[in-house]
Amino acid sequence: MSLTFNAIDVETANSDPWSICQIGIATFYNGTIIDTWSSLINPNTLFDWRNIRVHGIKPKHVNGQPTFCDVQGELKDRLENTFIVSHTLFDLQVITSSWEFYDLEQFQFTWLDSCKIAKYAWAKSKNEKGYGLKALAERLEISFNHHDALEDAIVSGKITVAACSDTNLSLEQIAELGL
């Protein structure tokens, strides 16, 4: 069963979907983390206090950091022609909105949603806390610093590995199911 993929998470400065202020990527090979990458991103826009309250990233933290355009090559090198996993489609929407906003070339990948994968894998088990990232991390006994993009990406990846293991499904099969 193939469990080689990249898990990704982003944080945004405000409600604009292109206002990425942090990106985290965890690379999994056969279900094991083999590499991680994270960067603060300068979105060159205003930060909303609500977003700061969630992730703690302030304008002073991104001063002098690369922009989304600056890391586009890194993203392409890491993500092109791979399976990409995120928890819900928020991250996909933000990444694609950023490509459109900055008029950047998009590249090929297959995007999977670890939330949908978890719902599929554990639909029959009673999950009173739901299928949010924090609830699933608790269920799987994974401790992490929620709303840090890299840590959220790692947890999303670990949820995917556990769900694939419990269902005995490969990423290719999950993609065929539209998860």
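Student: Which residues in helix α3 (residues 68–79) are buried?

Tutor: In this predicted model, the buried residues of α3 fall within an arc of 140° seen down the helix axis, so they line one face of the helix. The face turned away from that side carries the exposed residues Asp70 and Asp77. The buried residues are Phe68, Val71, Gln72, Leu75, Arg78 and Leu79.

Student: What covers the buried residues of α3?

Tutor: The cover includes both strands and a helix. The helix is α4 (90–101). The strands among the covering elements are β1 (5–12), β2 (20–29), β3 (32–40) and β4 (83–86).

Student: Which residue just after α3 takes a positive phi?

Tutor: Helix α3 spans residues 68–79. The residue in question follows just after α3, and its phi is about 60°. It is asparagine 81.

Student: What is the distance of the polar contact that joins the side chains of aspartate 35 and arginine 78?

Tutor: Aspartate 35 is placed in strand β3, and arginine 78 is one of the buried residues of α3. Apart from residues up to four places away in sequence, aspartate 35 touches Ile25, Ala26, Thr27 and Arg78. Aspartate 35 counts as partly exposed, at 34% relative accessibility. Its side chain and that of arginine 78 are joined by a polar contact of 2.8 Å.

Student: How many residues does α7 give to the largest nonpolar core?

Tutor: The largest nonpolar core has 31 residues, of which Phe5, Leu112, Trp122, Ile159, Leu171 and Ile174 touch the most other members. At least two residues of this core come from each of β1, β2, β4, α5 (114–121), α6 (133–139), α7 (149–167) and α8 (171–177). The greatest contribution is that of α7, and the number is nine residues.

Student: With which residues is isoleucine 174 in contact, leaving aside its neighbours within four places in sequence?

Tutor: Isoleucine 174 is among the residues that touch the most other members of the largest nonpolar core. Another residue of that group, Leu112, is also one of its contacts. With neighbours within four places left aside, the contacts of isoleucine 174 are Leu112, Ile117, Cys164, Leu169 and Leu179.

Student: How many residues make up the second, separate core?

Tutor: Val71, a buried residue of α3, is included in the second core. Val10, Ile25 and Phe107 are also included.

Student: Which backbone oxygen does the side chain of threonine 96 reach?

Tutor: Threonine 96 is found in helix α4. Its relative accessible area of 19% is under the 20% cut-off, so the residue is buried. At 3.2 Å, its side chain reaches the backbone oxygen of glutamine 93.

Student: Where does asparagine 44 lie, and is the residue buried or exposed?

Tutor: Asparagine 44 is not a glycine, yet its phi is positive, at about 50°. It lies in the loop between β3 and α1 (49–55). At 59% relative accessibility, asparagine 44 counts as exposed.

Student: In which loop does asparagine 30 lie?

Tutor: Asparagine 30 has a phi near 50°, a positive value in a residue other than glycine. The loop that holds asparagine 30 is the one between β2 and β3.

Student: What is the radius of gyration of the protein?

Tutor: The protein has eight helices and five strands, running β-β-β-α-α-α-β-α-β-α-α-α-α from the N terminus. The globule rule gives 16 Å for 179 residues, and the value for this protein is close to that, so the protein is as compact as a globular protein of that length. Its C-alpha atoms fill a box of roughly 45 × 35 × 25 Å along the principal axes. The radius of gyration is 16 Å.

Conventions. Residues are numbered from 1 along each chain as its sequence is written. This is a predicted model: local features need pLDDT of at least 70, side-chain atom pairs count only at pLDDT 80 or more; totals for chains, interfaces and linings use all residues. Side-chain values use heavy atoms; hydrogens and water are left out. Buried means under 20% relative accessible area, exposed over 50%, partly exposed in between (1.4 Å probe, protein chains only). Helices (H or I, at least four residues) and strands (E, at least two) are DSSP runs, numbered from the N terminus. The arc is that of the directions from the helix axis to the C-beta atoms. Contact means heavy atoms within 4.5 Å. A nonpolar core is a set of buried Ala, Val, Leu, Ile, Met, Phe, Trp, Tyr and Cys residues joined through side-chain atoms within 4.5 Å. A polar contact is a pair of N or O atoms within 3.5 Å; within protein, one must be able to donate a hydrogen and the other to accept it, and residues adjacent in sequence count only if both atoms are side-chain atoms. The radius of gyration is taken over C-alpha atoms; the globule rule is 2.2 Å times the number of residues to the power 0.38.
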